[in-house]
Amino acid sequence: MNYVKHGRIFLIISTLFSFFIMTSCGKTEETAVLPDGKLDKCTLRFSWWGGDDRHEATLKAIELWNKKYPDIKIEPEYGGWDGWTEKLNTQVSGDTAPDIMQINYDWLINLSKDGLGFYDLNQLSDYIDFSGYDTETLSFGMREGKLNALTVSMSGRGLFFNKNVYSEIGAEIPDTWNDLISLGEKFAEYGKYPLDLDIQTGASAWYLCIVYVQQLTGKQFITMEGELGFTPEDIQTALDFYKSLEDNHVIRTVKQRAEDDGSSALYQSPKFIDGTVAGVLEWGSAVGKYQSVLDEDVLCAGNYLSSDNGNRSGWLIKPSLMYAVSDNTKYPDEAGAFINFLLNDEECAEILGTSRGIPASRKAYEALENSGQLCGISYDSSQYLLDTDPVTLSPYFELSQLKEYYNTAIEKLSYGTADSKEISEELYDKVKKYLERIK
């Protein structure tokens with residue numbers, strides 16, 4: 001295998017992902033003293049995206065902060081994922097960004113090419129306790145020697161299945177790629193699908209395809225340095241695999257999804273809610289939105305699929321979310337104190353639970369461990385991922401322009417407007433040229 005590795009076993013174990021039932025911590029009514037007592041009275045804007053589970057937990061955490069530190073008020077700005085990238089890009093370019101932002105790993109490439117796009121958090125060491133982070137975890141947020149962001153959690157896309165539907169039709173949860181493909185025929189008899197891929201995420205279908213090829217070849221689709229590691233033939237293999245999923249009734253076609261769901265995300269689709277679609281590929285840090293639309297305990301975590309010989313390599317892990325401070329904030333020290341609260345405060349950790357995955361901060365992780373919150377389907381999925389020896393996802397993989405290329409390729413293949421060889425050569429050229437240009 002010639003994967004480009006980044007991270008050690010401790011990093012993976014201590015910073016993986018989950019969704020669990022969140023519990024409120026005990027509330028304190030007295031006003032707490034801020035670090036060194038020298039912070040200014042102000043109002044800070046904090047923005048994030050997510051599902052209702054994340055919104056509810058974060059609002060409770062902000063409520064706790066505002067009670068403990070009433071001189072520094074936090075104003076929340078939040079919404080769903082759709083259009084969030086474009087919104088934040090506009091805010092950053094127009095110097096109207098919130099003081100504190102939840103950001104994606106890949107955004108650092110576009111928004112802070114020189115390391116100056118966000119505030120250097122190293123300058124806030126009086127207010128942010130970095131002792132709960134190892135060097136490798138901190139390195140994900142580094143740009144040109146500056147700490148632009150802090151990792152909230154690590155995550156990987158795992159497989160989650162509606163166990164009630166599987167049980168009703170007498171199907172087994174798949175363990176290998178061949179198991180998955182063979183399920184299509186059985187599910188077709190009931191007008192159902194064993195799995196589907198959320199095209200709203202921009203790269204879900206392509207993610208599964210490259211994992212399949214990475215497992216076969218030992219190559220990485222895009223390296224950490226932004227080099228294209230696949231040949232046109234590798235890309236064609238990935239596209240042919242995707243088409244086999246459609247042809248074998250494992251997933252719906254792009255046309256079927258559009259007709260069934262319109263522009264809705266998969267977790268909002270009636271086909272997912274009623275069990276017509278009985279499985280999903282999703283980040284462990286975000287699966288809560290799927291779980292929340294079904295009855296309790298309906299979803300279960302599946303294993304990471306292997307080849308017939310038991311090889312489970314090729315699956316991916318990345319910083320699922322990060323916190324950054326605007327380089328234009330008037331109150332960097334106060335913003336740093338709030339980030340420290342989000343990442344390291346024990347009471348806050350118990351409120352947030354794993355709405356953003358298993359915390360990367362050792363202090364928050366231990367708080368959840370002590371409160372018995374390290375359990376649930378995403379925790380199960382995270383443990384399964386450990387057995388795959390996961391590879392760090394390149395920050396270049398999820399760049400918006402590349403997602404458009406992936407989507408276009410999948411749509412052309414699904415609608416039959418071009419064959420896989422033609423599409424693979426086109427996708428290879430586009431990705432290679434864009435990577436060369438962006439670097």
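These exercises, with worked solutions, concern a predicted model.

**Exercise 1. Describe how helices α9 and α18 are placed relative to each other.**

Step 1. Two packed helices are described by the angle between their axes and the distance between the axes.

Step 2. Helix α9 covers residues 232–247 and helix α18 covers residues 420–438; their axes come within 8 Å and cross at roughly 125 degrees.

Step 3. Angles of 65 to 115 degrees count as roughly perpendicular and angles over 145 as roughly antiparallel. The crossing angle of roughly 125 degrees therefore makes α9 and α18 oblique to each other.

Step 4. The handedness of this crossing of α9 and α18 is right-handed.

**Exercise 2. Which residues of α9 meet which residues of α18, and how do the residues of this contact divide into nonpolar, polar and charged?**

Step 1. On the α9 side, the residues are Pro 232, Ile 235, Gln 236, Leu 239 and Asp 240. On the α18 side, they are Ser 420, Lys 421, Ile 423, Ser 424, Glu 425, Leu 427 and Tyr 428.

Step 2. The residues of the contact of α9 with α18 comprise 6 nonpolar, 3 polar and 3 charged.

**Exercise 3. Classify the aromatic pair of Tyr 267 and Tyr 290, and locate both residues.**

Step 1. The structure holds 31 aromatic pairs. In the pair of Tyr 267 and Tyr 290, the ring centres are 5.8 Å apart and the planes are at 65 degrees.

Step 2. Ring centres within 6.5 Å make a pair, and planes over 60 degrees apart count as edge-to-face. The pair of Tyr 267 and Tyr 290 is edge-to-face.

Step 3. Tyr 267 is in the loop between α10 (254–261) and α11 (270–273), while Tyr 290 is in helix α12 (residues 288–291), so the pair ties together parts 23 residues apart in sequence.

Step 4. Buried means under 20% relative accessible area. Tyr 267, at 19%, is therefore buried, and Tyr 290, at 0%, is buried.

**Exercise 4. Classify the pair of Phe 338 and Phe 341, and name the cluster that includes them.**

Step 1. The ring centres of Phe 338 and Phe 341 are 6.1 Å apart with planes at 25 degrees, so the pair is stacked.

Step 2. Both residues lie in helix α13 (residues 332–344), 3 residues apart, about one turn of the helix. Phe 338 and Phe 341 are both buried.

Step 3. Ring pairs link Phe 338 and Phe 341 into a cluster with Phe 46, Trp 48, Trp 65, Tyr 69, Tyr 78 and Tyr 323.

Key: Residues numbered from 1 in each chain as written. Predicted model: local features only at pLDDT ≥ 70, side-chain atom pairs only at ≥ 80, totals over all residues. Heavy atoms only, no water. Axes fitted to C-alpha atoms, helices over the stretch in contact; angles between N-to-C directions. Helix = DSSP H or I, 4+ residues; strand = E, 2+ residues; numbered from the N terminus. Parallel < 35°, antiparallel > 145°, perpendicular 65-115°, else oblique. Left-handed = near helix turned anticlockwise from the far one by under 90°. Contact = heavy atoms within 4.5 Å. Nonpolar A, V, L, I, M, F, W, Y, C, P; charged D, E, K, R; others polar. Phe/Tyr/Trp six-rings, centres within 6.5 Å; stacked < 30°, edge-to-face > 60°. Buried < 20%, exposed > 50% of the residue type's maximum accessible area, 1.4 Å probe, protein only.
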